[in-house]
Amino acid sequence: MTFDGEIAEHSIELAPEEEITIDGTEDVDLYKVDLLTGQKLTIDLDSLDPDPEQAGATKLQYAQIRVFDASGKELAKTSFDDFQAAPDELFKVFNDPYLQFTAETDGVYYVGISQIGNDYYDPTKAGSGSGWIFPDFDIGTGGKYTLNLSVTSA
Ligand SMILES: [Ca+2]
Ligand SMILES: [Ca+2]
Ligand SMILES: [Ca+2]
């Protein structure tokens, strides 16, 4: 399955009259996946080149992947070695994360996508993201991506 996402600024309404603005460094996109015991989830993120027509558009660099169980407990997270091309990718694209996760029990899992630095958020709490920027390296400004999720049986 393929999803199109974007790490960017947006506003969310926590309650009527209570709206907060999330900037790109705090944005988290969560994807819900059902897995059976022993199934392996392969997560491949490809950041997209910015649209030249769109002023100020940037490329998502070093996105973070986290995997949670149904209660929001973290089970896996990108580490330095995970910033590499997927096996089906011809060119080595250092910067984009690729992660495999094997479910130990049947259940609902969540995949969280965020940008570098924003990797301690609580997936059960809106507004818990935080991050930082490195403008000199064009890091921290978000961007669009394609997320490829596939499940293989044990
Ligand atoms: Ca988003
Ligand atoms: Ca890919
Ligand atoms: Ca990739």
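Student: Start with one residue. Not counting residues up to four places away in sequence, what does Leu-41 touch?

Tutor: This is a predicted model, so everything here is read from predicted coordinates. In it, Leu-41 touches Val-33, Leu-35, Gln-100, Phe-101, Leu-149 and Val-151, leaving out residues up to four places away in sequence.

Student: And which strand does Leu-41 lie in?

Tutor: Leu-41 belongs to strand β5.

Student: Is Leu-41 buried, exposed or partly exposed?

Tutor: Leu-41 counts 19 other C-beta atoms within 10 Å.

Student: How far apart are Leu-41 and Ser-153 in sequence and in space?

Tutor: They are 112 residues apart in sequence, and their C-alpha atoms are 9.0 Å apart in space.

Student: What share of the contacts is between residues 24 or more positions apart?

Tutor: Among contacts with a separation of 6 or more, 67% are between residues 24 or more positions apart.

Student: Zooming out, how many helices and strands are there?

Tutor: The protein has zero helices and 10 strands. Its radius of gyration is 16 Å, close to the 15 Å that the globule rule gives for 154 residues, so the protein is as compact as a globular protein of that length. The C-alpha trace spans about 45 × 45 × 25 Å along its principal axes.

Student: What percentage of the residues is buried?

Tutor: Buried residues are 27% of the 154.

Student: Back to β5. Which open sheet has β5 in its order?

Tutor: A sheet of four strands, in the order β1-β10-β5-β8, with antiparallel pairing. Its edge strands are β1 (2-7) and β8, each pairing on one side only. The twist from one strand to the next averages 25°.

Student: How many bridges join β5 to β10?

Tutor: Eight, and the two strands run antiparallel, with β10 covering residues 143-152. As one example, Leu-45 has Leu-147 in β10 as its bridge partner.

Student: What is the strand order in the open sheet that contains β9?

Tutor: That sheet also has four strands, ordered β4-β9-β6-β7, and the pairing is antiparallel. Strands β6 and β9 pair over six bridges, and Val-67 stands opposite Val-111 in β9.

Student: Now the inside. How many residues does the largest nonpolar core have?

Tutor: It has 15 residues, and those with the most contacts inside it are Ile-43, Leu-45, Ala-63, Ile-65, Val-111 and Ile-113. The elements giving two or more residues to this core are β5 (40-47), β6 (64-69), β8 (98-102) and β9 (107-114).

Student: Take Ala-63 from that list. What is it in contact with, leaving aside neighbours within four places in sequence?

Tutor: Ala-63 is in contact with Ile-7, Leu-45, Ser-47, Asp-96, Pro-97, Ile-113, Ser-114, Gln-115 and Tyr-145.

Student: Last topic, β3. How many of its five residues are buried?

Tutor: Zero; strand β3, residues 18-22, is hardly covered. Five bridges join β3 to β2 (residues 10-15), and the two run antiparallel. In that pair, Glu-13 has Glu-19 as its bridge partner.

Student: How many residues sit between the strands in the hairpin of β2 and β3?

Tutor: Two residues, and in this hairpin Glu-17 takes a positive phi near 70°.

Technical notes
Residues numbered from 1 in each chain as written. Chains lettered and ligands numbered in written order. Predicted model: local features only at pLDDT ≥ 70, side-chain atom pairs only at ≥ 80, totals over all residues. Rg over C-alpha atoms; globule rule 2.2 N^0.38 Å. Buried ≥ 20, exposed ≤ 12 C-beta atoms within 10 Å, placed from the backbone. Contact = placed C-beta atoms within 7 Å. Core = buried A, V, L, I, M, F, W, Y, C linked by C-beta atoms within 7 Å. Pairing = 2+ DSSP bridges. Axes fitted to C-alpha atoms, helices over the stretch in contact; angles between N-to-C directions.
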